[in-house]
Amino acid sequence: KKNSEIEGLWLQNCGLGAAPVAVVKSLFETIGHSQIRFLSLQKNGLGTARTEIVSVICKALAKNTTISFLSLSNDDLGSADPMSLKVLGKLFQLSGVEEVNLEGTGLGLASEENMSLLCDALLQSQRIKKLILDSNKLNQAPPRVMMILCEMLEKFDLTHVSFGNNGLSCP
């Protein structure tokens, strides 16, 4: 198939977070001008990547209004640099992403600041309808972090939200 006909791209565990900026920029400029609808960037260390890498990725992806599914699972966003989380907000504000997979991103271990920044980033989009928050150790989150997450969820018009495998239980 021609590049313009590719609908999904799975760049899982490719080391993007540690790759040279020029390589990441070249790859994501191509993706930014493509017609892909599904993009997985899981297990790329984006949470621990330099803000410059995250910025290059987000800037290019914000140009692509056809991406409806974005997976950032297992990318350690809970401990990301605060500036990277702010950059993510611009991506969500400008892109057409409707489904976000944040499974295993360490949100239960996030600081209040990082949880607030991530929630603010997600709220930049009014298009997100499905949010996957499985396997985030939310049972270990301080009460204030959980409150920030719950307040954010109340502001969304979600059709699906998933909290599985978080060690949460009802009495």
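How many salt bridges does a search of the whole structure find? The answer is five. Keep in mind as you look around that this is a predicted model.

| Pair | Distance, N to O |
|---|---|
| Glu52 and Arg50 | 4.0 Å |
| Glu112 and Arg144 | 3.7 Å |
| Asp157 and Lys129 | 3.4 Å |

Let's take them in turn. Side chains of opposite charge can pair when their charged atoms come close. In the Glu52 and Arg50 pair, Glu52 is partly exposed because its relative accessibility is 45%, and Arg50 is partly exposed too, at 43%.

Glu112 and Arg144 meet in a salt bridge at 3.7 Å. This pair ties together distant parts of the chain, since Glu112 sits in helix 4 and Arg144 in helix 5, 32 residues apart. Glu112 has 42% relative accessibility, so it counts as partly exposed. Arg144, with a relative accessible area of 35%, is partly exposed.

Asp157 and Lys129 form a salt bridge at 3.4 Å. Again the pair links distant parts of the chain: Asp157 is in the loop between helix 5 and strand 6 (160-162), while Lys129 is in the loop between helix 4 and strand 5, and 28 residues separate them. Asp157 is exposed, with a relative accessible area of 55%, whereas Lys129 is partly exposed at 27%.

**Two helices to look at**

Which residues of helix 1 are buried? They are Val21, Val24, Phe28, Ile31 and Gly32. Looking down the axis of helix 1, you'd see these buried residues fall within an arc of 95 degrees, so they line one face of the helix. An α-helix has 3.6 residues a turn, so residues three or four places apart point the same way. Turned away from the buried side of helix 1 is a face that carries the exposed residues Ala22 and Thr30. As for neighbours, the buried residues of helix 1 pack against strand 1 (8-10), strand 2 and helix 2. The length works out as well: 12 residues (21-32) at 1.5 Å a residue should span 16 Å, and the end C-alpha atoms of helix 1 are 16 Å apart, which agrees.

Helix 3 (residues 82-94) has its own buried set: Ser84, Leu85, Val87, Leu88, Gly89, Leu91 and Phe92. These residues pack against helix 2, strand 3 (69-71), strand 4 and helix 4.

**Stops in the loops**

Asn44 is found in the loop between strand 2 (38-40) and helix 2 (51-62). Is Asn44 buried or exposed? Its relative accessibility is 4%, so Asn44 counts as buried, the cut-off being under 20%. A polar atom of the Asn44 side chain lies 3.2 Å from the backbone oxygen of Gln42. Further along the sequence, Asn44 touches several residues, including Leu11, Gly17 and Asp75.

Gly106 lies in the loop between strand 4 (99-101) and helix 4 (112-123), and at 16% relative accessibility Gly106 counts as buried. Gly106 touches Gly78 and Asn136, leaving aside residues up to four places away in sequence.

Finally, Gln140 sits in the loop between strand 5 (130-132) and helix 5 (143-155). Gln140 is partly exposed because its relative accessibility is 49%. Not counting residues up to four places away in sequence, Gln140 touches Gly108 and Leu109.

Notes
Residues are numbered from 1 along each chain as its sequence is written. This is a predicted model: local features need pLDDT of at least 70, side-chain atom pairs count only at pLDDT 80 or more; totals for chains, interfaces and linings use all residues. Side-chain values use heavy atoms; hydrogens and water are left out. Helices (H or I, at least four residues) and strands (E, at least two) are DSSP runs, numbered from the N terminus. Buried means under 20% relative accessible area, exposed over 50%, partly exposed in between (1.4 Å probe, protein chains only). A polar contact is a pair of N or O atoms within 3.5 Å; within protein, one must be able to donate a hydrogen and the other to accept it, and residues adjacent in sequence count only if both atoms are side-chain atoms. Contact means heavy atoms within 4.5 Å. The expected span of a helix is 1.5 Å times one less than its number of residues. The arc is that of the directions from the helix axis to the C-beta atoms. A salt bridge is a side-chain nitrogen of Lys or Arg within 4 Å of a carboxyl oxygen of Asp or Glu.
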